[in-house]
Amino acid sequence: MSKKNLLVIGNGMVGHHFLEQFVATDAAADYHIVVFGEEPLLAYDRVHLSEYFGGSSHTDLAMGTAEWYAENNLDLHLDEQVTGIDRDAKQVVTPKGTYAYDELVLATGSFPFVPPIDGNDRPDCLVYRTLDDLDQIRASAENGKVGVVVGGGLLGLEAANALKSLGLQAHVVEFAPRLMPVQLDDDGGALLRRKIEELGVQVHTEKATTAIVDGEDCRLRMNFSDDSHLETDLIVFSAGIRPQDALARSSGLEIGERGGIVINNQCTTSDPHIHAIGECALWNQRIFGLVAPGYTMARTLAGALNGDSEAAFTGADMSTKLKLLGVDVGSIGDAHGQSPGARSIRFNDEASGVYRRMVISEDGKKLLGAILVGDNGPYDTLLQYALNGIDLPASPEALILPESEGGAPALGPDALPDTASICSCHNVTKGDICGVIDAGCQDLAGVKAETKASTGCGGCAALLKNVVDCELEKRGVEVSTDICEHFPYSRQELFHLVKVNGIRTFRQLIREHGQGHGCDICKPTVASILATVWNEHILATDHVALQDTNDTFMANMQKNGTYSIVPRVPGGEITPDKLIVLGEVAKEYNLYTKITGGQRIDLFGATLSELPEIWEKLIAAGFETGHAYGKSLRTVKSCVGSTWCRYGVQDSVGMAILLENRYKGLRAPHKFKLAVSGCTRECAEAQSKDFGVIATDKGWNLYVCGNGGMRPRHADLFATDLSDEELIRTIDRVLMFYVRTADRLQRTSVWLENLEGGLDYLKEVILEDKLGLGEELDEHMQRVIGTYQCEWKTAVEDPEKRKRFREFVNDERKDPVQQWTTERGQRRPVAETA
Amino acid sequence: MTRKTTQWHHLCDVQDLIPESGIAVWTPAGPVAIFYLPHQIPSLYAIGHHDPFSDANVLARGITGDLKGEPVVASPIYKQHFSLRSGVCQEDDSVRVPTFQVLVDGEQVLVEVPATQRADAVA
């Protein structure tokens, strides 16, 4: 049977979501799917557009990847605008050709409304919707000092934030008497205004612009109907959206009086083979300008095309929770109390800047709507009351009063009915979550992967975690601890998220799966995971701010703020020439030198600005970084082995050098060490290492998960009489399995003790390949090894990276706090004066 | 207000800043750390570079982030967190590092510092 053609016009968030939903249905196999996008870029996240000015790139904001489209056999035509639909011939026309369809989906979105003002087409009069628009705003802002946003709604305030982040003096001009007139009331709008004015954005309400003319001090001047005016260098119009319905209009589909492609409950237009979803669609005389209802339409249509007779779009909740210019704003349901008999309870704390309003039904039993400004704390609870029609408690005001004045009763996840909607983006109910948990999901990451809950706007992350924790606890599952307040995941779960979702930056991970801005716990952990999975340079722009100072400056910070340097000496073997270089460099920079426990030489007391100079000299002499600063391989200790020793049975130095060069640079949950002994006398103390290798007359015995230090542990014998190849493959696999599954800062010894099934299980996984992971682990290790670079070599050769190694960026003086004394012939910091 | 005891200084340029991280500058009032957090508002912060716990000039080299919404930097030596807004140590609120006003004028980063050496800056 030949395939039918499904054409999708529009590659925005909703269009992309439709594809995600549809390719997962059985019907997808019956269709050849072609996607047209007017922009040259793949669908991206317009909700977080302002982050583009904060350093995010299209890649950070992208919804999917070209690979994903290819894998799903989606025929993608970007930068190709559909110019006409021939409904009789059932084909669409583009400048590049005509394409036949059996079913056609319009996901053309909307365009910004530009009010009809004289002069609105001047240069520096811009809109805020696409990345291209943002590039134009950025270009215009470069030569300006002042920027105005016309429109004080949700998008307008986002745009003002963007102007502010570009360094402009930002103004917001709103026609209505208050900001966010749709979502807020007068008191809420007034508080929001006060807060954002405190942040330096000037707000002008009740202003109708009559003309835009040449300015005197700035490029432009806006004249208002009350004879006042405002000078500005650029204007961004954000006065609402209009459905992009031109194609539908010209092809004779039914269009609403004020625009919008009319659709029924199945998202089908007046033509049974043409469908419309998202902001271009008009349902029940309404346009939905938020992403969640668009997603609901996308899901509905995917279901309907798959033959689901019950799939229907029945309206959408327009509640919103967001942070505008750093200020919490929430609006739920009937926020203005327009329902008959509705009454309000208000809490207005002008001192601390918190406004809350509840709209309750005439009988006082149900919550109809709410407004929050300044603190969205009660939002999740209020939303659940409103959406699920849960009876309010006896004193409903307690829900919005500060805790000290009566204790806000949080609505425990247990109190929610199974029908309660937890994630409105992906329409996941509490019942759905219980379902996947009953089917075997044991953690939050699993629930997210199965249901997609909290992977849209992310607003329900906290609630989802509460529900999952509560349900797991009810089933007797111990709830794992979160890594920190920013991520409700363990390191292993984060590793999985990064790998499965192809996440390459911290920013993307925290936006999609966490909250806030990160901290000194999660940032280095994620940096280590990214390094393990993708192996990019740790000083690459996206990663540099994530690292501990030791990783950032690739040296070990000591108590007085100076650093120590440990060049790699593989296997502890070093030529006299190299020894001399170490001595000469130490002498030149007056560095204290000490032999380490790992058969290397540590050079102490280098200042930040000396580090690259010293490394230039060391690299010229053939040294590489020793990663003494990293959570990575330190050293492979060895005895001298059969080459010299009367008792040695294998070349332990040769094997140690081979292993050290193989694993150098690999990022792990913690540091790890190896050792190779040339005979059973065990002079290299291999059984106290993470991986210990002891020579036998038939090959090598491998011991794993030993430790010295604070909590010594004898390594366990893992395999005997291995050949060189077997030894390397076995270490590869155990090491990579550890890297993938251990918790943050967990040494191999503790990891093994916590591994369910212990040593026997580890043997089954590695030696018998019980999980079928072997090849994948091999492949991953091979990739890491293949992309090794000496971080110091890369850094000293890159002037941009070298710039980081300045004590003071405006002054070449040395750090004045460092005071030195001499002891046993070497320089050391002065002892603390107490 | 007639007495003017502080002054704005052009101490570095925008291109010297490192997103989500800090740099150190030398000022008449001693070493100052400037942090650039493009995803937070405000996005620029300046506090003393000197870490009172270790007595070393290192705070610009700490990891930035937020704790319960408060923008902070963690000292790279003993890991105490300092608020970038108030300078108060989050683990011990009796300890505070100085804070300074900072702004961007075109390509220049300006910091307002006392005209003379502060008592709590070590030089």
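Over all chains, the predicted model holds 41 salt bridges. One of them joins A:Arg129 to A:Glu279, with the closest N and O atoms 3.3 Å apart.

Across the interface of chain B and chain A, 3 salt bridges are found. The side chains of A:Arg806 and B:Asp16 form a salt bridge with an N to O distance of 3.3 Å.

On the side of chain B that touches chain A, at least two residues each come from strand E1 (6–13), strand E2 (21–27), strand E6 (56–57) and strand E7 (63–67) of chain B. Of the elements of chain B, E2(B) gives the most to this side, with 6 residues. Sorted by class, the side of chain B that touches chain A has 21 nonpolar, 13 polar and 8 charged residues.

The extent of the interface can be stated in residues and in area. In residues, 42 of chain B are in contact with 45 of chain A. The size of an interface is often given as the accessible area that is lost when the parts come together. For chain B and chain A, the buried area is about 3300 Å², and carbon and sulfur atoms give 55% of this area. Within chain B, the residues that lose the most area to chain A are B:Trp26, B:Arg61 and B:Ile63, which together make up 25% of what that side buries.

Empty space inside the structure was examined next. A probe the size of a water molecule, rolled over the atoms, shows where empty space is left. The structure holds 5 cavities of 30 Å³ or more. The largest cavity contains about 150 Å³ of space. This cavity is lined by 18 residues, and those closest to its centre are A:Asn535, A:Gly665, A:Arg667, A:Gln789 and A:Glu791.

Two helices of chain A, H19 (652–663) and H23 (774–786), each supply at least two residues of the lining of the largest cavity. The largest share of this lining comes from H23(A), with 3 residues. By class, the lining of the largest cavity consists of 8 nonpolar, 5 polar and 5 charged residues.

Technical notes: Residues numbered from 1 in each chain as written. Chains lettered and ligands numbered in written order. Predicted model: local features only at pLDDT ≥ 70, side-chain atom pairs only at ≥ 80, totals over all residues. Heavy atoms only, no water. 1 Å grid on protein atoms, 1.4 Å probe; cavity = no way out; pocket = protein on both sides within 12 Å on 5 of 7 lines; lining within 4 Å. Points joined across faces, edges and corners; volume = space filled by probe spheres on them. Helix = DSSP H or I, 4+ residues; strand = E, 2+ residues; numbered from the N terminus. Nonpolar A, V, L, I, M, F, W, Y, C, P; charged D, E, K, R; others polar. Contact = heavy atoms within 4.5 Å. Buried area = accessible area lost by both parts, 1.4 Å probe. Salt bridge = Lys/Arg side-chain N within 4 Å of Asp/Glu carboxyl O.
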